[in-house]
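Subject: Structure for you to look at

Hello,

Please find the structure below, with the sequence beside it.

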There are 2 protein chains.
Amino acid sequence: MPLQTLAREMLPRVEAELQRIVHLARTPDTAELHAMLTYHMGWEGAGAGPEAQGKRIRPLLVLLSAGAALLRDRDADSLEGTEPRWLRALPAAAAVELLHNFSLIHDDIQDNSPLRRGRPTVWKQWGIAQAINAGDAMYTLAYTAMLPLGVVALDILQRTCLHLTQGQYLDISFEGRTAVTVDEYWAMIGGKTAALLAACTELGALAAGADERRRAAYREFGRHLGLAFQVQDDLLGIWGNPSLTGKSAASDLAAGKKSLPVLYGLAQGGAFAERWAEGPVSVDEAGVVAGMLAAEGAREFTQSQADGLTMKALGYLEEASPQGEAGAALGELANRLLGRAG
Amino acid sequence: MPLQTLAREMLPRVEAELQRIVHLARTPDTAELHAMLTYHMGWEGAGAGPEAQGKRIRPLLVLLSAGAALLRDRDADSLEGTEPRWLRALPAAAAVELLHNFSLIHDDIQDNSPLRRGRPTVWKQWGIAQAINAGDAMYTLAYTAMLPLGVVALDILQRTCLHLTQGQYLDISFEGRTAVTVDEYWAMIGGKTAALLAACTELGALAAGADERRRAAYREFGRHLGLAFQVQDDLLGIWGNPSLTGKSAASDLAAGKKSLPVLYGLAQGGAFAERWAEGPVSVDEAGVVAGMLAAEGAREFTQSQADGLTMKALGYLEEASPQGEAGAALGELANRLLGRAG
């Protein structure tokens with residue numbers, strides 16, 4: 001309930017700030033470059049609209065963290081008048097969303113994906129050369145957005161970006177390899193999924209003026225939220241209910257994705273590993289192969305990892321001691337992302 | 001003479017700082033990502049060595065500008081002991097070189113270039129997906145390198161990056177278009193070539209503690225140096241002496257490059273424009289077409305533009321009033337880049 005109320009207040013501010021920053025790419029000569037960015041953000045072009053914009057989860061995490069951390073700082077009242085106090089984290093909220101969208105533009109090229117949120121990807125529309133460059137521009141704008149928050153925030157941003165590229169390196173390399181270890185999996189999702197969520201919650205706390213100890217609690221909350229979310233997603237990619245996930249059953253198996261259950265199964269060296277080595281799993285066969293994998297303990301293992309990470313995430317959230325409506329909304333968002341009753 | 005002496009002192013420091021920063025991309029799991037970066041920088045892999053590293057002109061511009069601006073600030077003596085004072089600009093020197101090399105990695109994908117400095121490009125060695133990501137990592141490290149210089153330097157960096165992507169957008173778009181104006185050409189090289197050189201000289205002056213007025217003189221010196229250099233390069237690409245340029249005569253014409261003389265020629269709507277519209281110019285025909293272009297005044301026009309920009313660059317350099325050995329070396333480097341006796 002507080003989540004919906006606050007999101008309705010926050011998201012229009014986020015969208016306006018994103019549009020203001022993205023507009024900086026526009027000059028009389030570069031209207032088309034600007035159009036690539038506004039198209040990707042879901043504001044312009046065929047199919048534009050809320051569906052094409054994504055849920056803006058990351059900016060929400062930033063602003064809710066800022067709101068939840070702020071109330072506790074009695075001395076952090078420098079914003080005056082009727083402006084909500086989480087507004088001081090708006091530069092970070094815009095920055096993380098721009099960073100996320102830069103990574104999506106490049107991801108779509110790297111994965112050869114023709115569609116994103118139901119629309120042709122930037123590279124499909126403008127070619128690979130322009131799409132690489134549009135991603136670079138979007139990436140630059142993440143730094144532009146963050147500048148008002150100063151060097152510590154920019155330091156978090158660049159470390160997050162480096163971590164992202166390290167995770168992305170691993171993800172791409174997994175595709176071409178037969179042997180990937182569970183340890184490498186953790187390094188991959190640590191960079192590709194968890195680093196950005198860790199940055200969201202830490203940046204929110206930073207903008208709220210939280211001290212290093214509390215910033216660390218927010219950061220670790222975000223990181224474990226990201227890890228737990230990804231492992232949960234891996235579980236749903238094989239054993240999720242198609243009518244809820246919107247994907248076909250065991251779709252990750254048919255896609256050949258080296259998700260956590262698959263890597264666990266491969267490490268067992270049993271019937272699943274033998275079947276996997278024989279070549280791609282067809283959509284028709286995926287259900288049977290999912291059964292083999294479950295029989296070897298992969299489902300149970302993955303579920304226990306997801307549960308453990310969820311507990312850790314909620315433990316760090318408790319340590320962060322989020323306050324007020326924003327704090328309640330932050331807990332609600334976390335539970336929703338973790339697939340728990342909100 | 002001072003240029004050679006100072007370069008011999010500066011370049012090893014630049015190389016060591018670059019290696020230190022690039023090493024941050026390396027973790028136990030990401031040794032190969034690090035290898036892509038060290039390969040591109042010319043430090044590792046087949047063909048590594050000075051030839052593969054490039055001339056590091058941009059870091060030299062930063063450090064010489066810092067050295068030349070410093071001597072004039074009597075109160076800028078905060079660095080103690082025997083360390084050279086230009087050393088305070090080292091973070092910027094590393095940052096601009098990393099930024100330049102990020103743009104080369106992505107450029108090579110965008111241009112479909114198999115070779116860079118005589119070696120296979122990163123995308124040729126590791127594929128497009130990994131090369132896009134390696135470029136993103138290199139780009140991130142530019143911000144990492146710059147952090148110690150604070151928000152004003154980071155602000156210059158992000159504005160330069162945005163300008164670069166705007167220039168790159170135009171450059172890519174020119175290829176697919178028949179009509180490109182001379183105005184668009186200025187916007188393109190302003191972003192693609194001149195913005196980074198402007199950042200080099202401004203960042204040097206900034207690190208030296210120069211005030212806004214003098215920083216502006218350094219910046220405009222760098223910008224016009226970049227513009228003049230590019231126009232000069234366009235001239236040599238058509239009428240240069242092959243034994244000096246290392247390219248075949250009129251090679252830009254055979255490559256179909258929309259350089260300044262070509263755009264001037266197209267705007268005349270004469271014999272050259274007619275020939276250009278008929279299709280690609282062969283290597284054998286390039287000399288004759290270069291003659292048509294010269295007869296329509298394109299060579300004279302381009303030369304006068306190069307001369308005018310060179311004069312402006314040297315005028316701003318004078319206004320910047322560079323001091324001491326570094327100042328003399330800066331003038332020497334400028335004259336060398338502009339193809340004048342040093």
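In which loop of chain A is the place of A:Ser321? It is the loop between α16 (298-320) and α17 (324-337) of chain A. Before going on, please keep in mind that this is a predicted model.

A:Ser321 is worth a look for its backbone. Its phi is positive, about 50°, although the residue is not a glycine. Most residues other than glycine have a negative phi. A:Ser321 counts as partly exposed because it has 13 C-beta neighbours inside 10 Å, and a residue would need 20 or more to be buried.

In chain B, look at B:Arg117. Its phi is also positive, near 50°, and it is a residue other than glycine. B:Arg117 sits in the loop that runs between β1 (115-116) and β2 (119-120) of chain B. With 13 C-beta neighbours inside 10 Å, B:Arg117 counts as partly exposed.

Now chain A as a whole. It contains 17 helices and two strands. Its C-alpha trace spans about 65 × 50 × 35 Å along the principal axes. A compact globule of 342 residues would have a radius of gyration near 20 Å, and the 21 Å of chain A agrees with that. Of those 342 residues, 54% count as buried. Taking the contacts in chain A with a separation of 6 or more, 72% are between residues 24 or more positions apart.

Next, how the two chains meet. How many residues of chain A are in contact with chain B? There are 37, and they touch 37 residues of chain B. On the chain A side, the elements that give two or more residues are α2 (31-40), α5 (90-110), α7 (128-146), α8 (150-175) and α9 (182-207). Of these, α8(A) gives the most, with 14 residues. By type, this side of chain A divides into 18 nonpolar, 14 polar and five charged residues.

The last point is symmetry. Two copies of a chain are related by a rotation about an axis and a shift along it. Here a rotation of 180° with 0.0 Å of shift along the axis superposes chain A on chain B, with an RMSD of 0.0 Å. That is the relation of a two-fold axis. Which residue of chain A comes closest to the rotation axis? It is A:Val151, whose C-alpha is at 3.0 Å. Since 100% of the interface residues of chain A are also interface residues in chain B, the copies meet through the same surface.

Regards

Note on methods. Residues numbered from 1 in each chain as written. Chains lettered and ligands numbered in written order. Predicted model: local features only at pLDDT ≥ 70, side-chain atom pairs only at ≥ 80, totals over all residues. Contact = placed C-beta atoms within 7 Å. Helix = DSSP H or I, 4+ residues; strand = E, 2+ residues; numbered from the N terminus. Nonpolar A, V, L, I, M, F, W, Y, C, P; charged D, E, K, R; others polar. Buried ≥ 20, exposed ≤ 12 C-beta atoms within 10 Å, placed from the backbone. Least-squares fit on C-alpha atoms with pLDDT ≥ 70 in both. Rg over C-alpha atoms; globule rule 2.2 N^0.38 Å.
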